[in-house]
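Subject: A structure for you to look at

Hi,

Here is the structure I promised to pass on.

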Amino acid sequence: MEKKPFATKDQLEAIAAQYPTPFHLYDEAGIRRNMEALRDAFSWNEGYKEYFAVKATPNPFLIKLLHEYGCGCDCSSYTELMLSDACGIRGHDIMFSSNETPAADYQLADELGAIINLDDITHIDFLEETIGHIPETISCRYNPGGLFEISNGIMDNPGDAKYGMTTEQLYEAFRTLKAKGAKEFGIHAFLCSNTVTNDYYPALAKVLFELAVDLQRETGAHIKFINLSGGIGIPYSPDQEPNDIRIIGEGVRKVYEEVLVPAGMGDIALFTELGRFMLGPYGCLVTRAIHEKHIHKEYIGVDACAVNLMRPAIYGAYHHITVAGKEDALCDHVYDVVGGLCENSDKFAIDRKLPQVEVGDLLVIHDTGAHGHSMGYNYNGKLRSAEILLREDGATQLIRRAETPADYFATLDCFDEFSGLSKRS
Ligand SMILES: *Cc1c(COP(=O)(O)O)cnc(C)c1O
């Protein structure tokens, strides 16, 4: 599949004239189309709900856009809960899927009426001591251990993951929670990340549905929902075949009818906590080439760096790059596209074939709509960029301003001799 930016060079230059590069740009039309496809794919399940994984893109404008379609928030920290609350998303519209959870986080989750998803069996007592009771609705996170393999060889290693409870612990947790007054139960599992296959959710569903039938039979706990969590991936590379959410929804429906319906559990609601799939392809990082360098290799230096998009530096992740206005030009040059951190891992692309890049060109780094801006940091005193929403009508809306030096120094404002830094920009 060819990857085309969702904005033209002229559009990008017009935006750059108003908001200096670099910036993250989001595509409202793409987000809505994808959201509608997800909703339709699971419309067969009456209680279906997507809890958007806030950590992927914690921007209130985007969260509210998704909330128009009924999306809740999957939060895992105090500030993510605050953000959800500020968006007007509360109660069972929040799934609190945290781990190594501080007491204050459970307190706030409880105050907001969130569904709490326990990562560990020891959290039953910790939660009860913290909030003074066990909620009537409660969920537990499952980790079957071993390897999780899907038909086409994609696999991940739950046995090596810090999350969730073992099978034995899950049964014990359900019994304990029931004895302590819990009435409605959920099961959650996240076993593979960024799966680019239509088989992951159906395979996961089979494991969880069979488990649910046995758990309910053995413990008498009433299972109300099953949370397939995140993990549906996106094709970062142009040679990958994108997932088809309709096929995924159908695959899950088939397993639901094979396993849950015959067991008399055809009223179970399905939940998802997708992040990457919801926004990944509908955001890009727009950056300008500001230097070229010819030493042992050819380098293009851009005004963004790893603080704006960390995935290549920490995972060696591939992000496709288009030179705006040169979409159809021959890729007859080979470059490393690099940012300005004093870290040699600060490379958006290594040995990448591109058209000839000139200083001043705008580069579009694709698929940064999830786990992009949100993973930003301030190393080398670099500042995080603005986020801009490209509306369906072609207008732009600033949905987060760029950081200024004053933001960077804000945490020194408690010292008189440095407080001036947090006032200057
Ligand atoms: C990160 C995360 C998600 C979202 O994962 P994606 O890969 O963005 O789909 C969902 N749930 C939990 C608990 C997570 O930690």
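This is a predicted model: local features need pLDDT of at least 70, side-chain atom pairs count only at pLDDT 80 or more; totals for chains, interfaces and linings use all residues.

Below is what turned up, taken region by region.

Residues are numbered from 1 along each chain as its sequence is written, and side-chain values use heavy atoms, with hydrogens and water left out.

"Buried" means under 20% relative accessible area, "exposed" means over 50%, and "partly exposed" is in between (1.4 Å probe, protein chains only).

Which strands does S2 pair with? Strands count as paired if DSSP finds at least two bridges between them. S2 runs parallel to S11 (residues 269-272), with two bridges joining them, and Lys-49 has Phe-271 as its bridge partner there. S2 also runs parallel to S3 (residues 72-75), this time with three bridges; Ala-53 is partnered by Asp-74 in S3.

There is also a right-handed β-α-β unit, built from S2, helix H3 (residues 60-67) and S3. Right-handed means that, with the strands pointing away from the viewer, the path from the first strand over the helix to the second runs clockwise.

Now find Lys-55, in the loop between S2 and H3. UniProt lists Lys-55 for "modified residue: N6-(pyridoxal phosphate)lysine", in an unreviewed entry. UniProt positions are given in the numbering used here, feature names are shortened, and annotations may be inferred rather than shown by experiment. Lys-55 has a relative accessible area of 46%, so it counts as partly exposed.

**Salt bridges**

How many salt bridges are there? The count comes to 25, where a salt bridge is a side-chain nitrogen of Lys or Arg within 4 Å of a carboxyl oxygen of Asp or Glu.

One of them links Arg-32 and Glu-28, with the closest N and O atoms 2.9 Å apart. Both residues sit in helix H2 (residues 28-41), four residues apart, which is about one turn of the helix. Arg-32 is buried at 13% relative accessible area, and Glu-28 is buried at 3%.

Another joins Glu-257 to Arg-253, at 3.0 Å from N to O. Because these two are four residues apart in helix H9 (residues 245-260), about one helical turn separates them. Salt bridges with shared partners also tie Glu-28, Arg-32, Glu-68, Arg-391 and Glu-392 into one network.

**A patch on the surface**

Last stop: Leu-412, Phe-415 and Phe-418 form a nonpolar surface patch, with about 250 Å² of accessible area together. Phe-415 lies in the segment after helix H12 (405-408), and at 39% relative accessibility it counts as partly exposed. Patches use residues with over 30% relative accessible area and no salt bridge, joining like charges within 9 Å and nonpolar side chains (Val, Leu, Ile, Met, Phe, Trp, Tyr) within 5 Å. The accessible areas come from the Shrake-Rupley method with a 1.4 Å probe, and for residues only the protein chains shown count as cover.

Cheers
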